Amino acid sequence: MDKDLTNNMFQQVRTSHRLIAAYYQRLMPLLGQVTHELDLKFYRWDSLQVPALTPGSENPFDDWSLALVPSYSPYFLFRSNRLKSRKTNTAVIGEFLLCIAVINDSGVYHSNILARDYDEGEIDMLEVSPPVEKSNSILRVALFTPCSNQDLQWETNIWDDTSWPEFSDTPISTRPDLEKYGYTNGFETPISSLMEDDGVESLVEKITLFKDDLLRTAAEYIEPSIPVESADNLQKKDLT
């Protein structure tokens, strides 16, 4: 490679790393303000794309290079603050889990990297389609709550074992997996909206709106003590 091209490439790499650091220096305090206003407790974080490597215990040469960039599409989980003194394996009506996923590049996210077999090799990040100018930077916000008091792991049952909700501008609280444990809803918004003057306040208000609808819907749920078909027939009879 030409020496001038090489020097230019590494100048871009240095610039990119500084821009990413500066970006998160601005983004993380804003997300921190949002969760503080909502009185939430940090639970865990990871990457939506390729799970982040554990420093010191995993060989990065045996993994995809994208695993070295866990901030590419990180997600952050928060729990109701009332959970701070509770066991993590007890889910109670009225408690909830909030996920804020930072999808910095929708083109990379929707390229479905996780569905690729390792034998296929990594996607060339310079050839991802759609290109950068036709992709978006999105905050994905999802909430989860149990519909009954249960002995559940918030991580493995409520988070890992529940599908994404139907994302909408107004709350649509549903049970995406009817045999599962609770209700969920969520929405997506441009990351740029959080950077606006009233960005934190607007996001807090919208999350509160979705949270209130979610908890209200779950509180109204009555677990059937008879088969669902029989319960439906009983309800039809009561309406006639």
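In these legends, buried denotes a relative accessible area under 20%, exposed one over 50%, and partly exposed a value in between (1.4 Å probe, protein chains only). The structure is a predicted model, in which local features need pLDDT of at least 70 and side-chain atom pairs count only at pLDDT 80 or more, whereas totals for chains, interfaces and linings use all residues. Residues are numbered from 1 along each chain as its sequence is written, and side-chain values use heavy atoms, with hydrogens and water left out.

**View 1. Overall organisation of the protein.** The protein contains six helices and five strands; helices (H or I, at least four residues) and strands (E, at least two) are DSSP runs, numbered from the N terminus. Read from the N terminus, the order of elements is α-β-β-β-α-β-α-β-α-α-α. Of the 240 residues, 39% are buried. The accessible surface amounts to about 14,600 Å², and carbon and sulfur atoms account for 51% of that area; accessible areas come from the Shrake-Rupley method with a 1.4 Å probe, and for residues only the protein chains shown count as cover. Among contacts (heavy atoms within 4.5 Å) between residues at least 6 apart in sequence, 73% join residues at least 24 apart.

View 2. Five strands make up an open, antiparallel sheet in the order β1-β2-β3-β4-β5; two strands are taken to pair if DSSP finds at least two bridges between them. From one strand to the next, the twist averages 20°. Helix α1 packs on the sheet and touches β1, β2, β3 and β4, its direction making about 160° with that of β3. For such angles, axes are lines fitted to C-alpha atoms, for helices over the stretch in contact, and values run from 0 to 180 degrees between N-to-C directions.

**View 3. Strand β3 and its two partners.** Seven of the seven residues of β3 (residues 97–103) are buried, so this strand is largely enclosed by the rest of the structure. Both of its faces are covered: Leu97, Cys99, Ala101 and Ile103 are buried on one side, and Leu98, Ile100 and Val102 on the other. Strand β2 (residues 74–80) runs antiparallel to β3 and is joined to it by five bridges, with Leu77 opposite Cys99. Strand β4 (residues 138–146) is likewise antiparallel to β3, the two being joined by seven bridges, and Ile100 stands opposite Val141 in β4.

View 4. Nine bridges pair β4 and β5 in the antiparallel sense, and Phe187 in β5 is the bridge partner of Val141. Thr189, also placed in β5, counts as buried at 15% relative accessibility. Apart from its neighbours within four places in sequence, Thr189 is in contact with Ile138 and Leu139. The side chains of Arg140 and Glu188 form a salt bridge (2.8 Å, N to O). Arg140 belongs to β4 and Glu188 to β5, so this pair ties together parts that are 48 residues apart in sequence. Arg140 is buried, with a relative accessible area of 7%, whereas Glu188 is partly exposed at 31% relative accessibility.

**View 5. Further salt bridges.** Four salt bridges are found in the whole structure, each defined as a side-chain nitrogen of Lys or Arg within 4 Å of a carboxyl oxygen of Asp or Glu. The side chains of Asp46 and Arg44 meet in one of them (3.5 Å, N to O), and both residues are buried. Another joins Asp213 to Arg216, whose closest N and O atoms are 3.3 Å apart. Both residues lie in helix α5 (residues 199–220), three residues apart, about one turn of the helix. Asp213 is buried, with a relative accessible area of 17%, while Arg216 is partly exposed at 45% relative accessibility.

**View 6. A nonpolar surface patch.** Met9, Phe10 and Val13 form a nonpolar patch on the surface and together have about 240 Å² of accessible area. Patches consist of residues with over 30% relative accessible area and no salt bridge, like charges being joined within 9 Å and nonpolar side chains (Val, Leu, Ile, Met, Phe, Trp, Tyr) within 5 Å. Val13 is placed in helix α1 (residues 3–37) and is partly exposed, with a relative accessible area of 35%.
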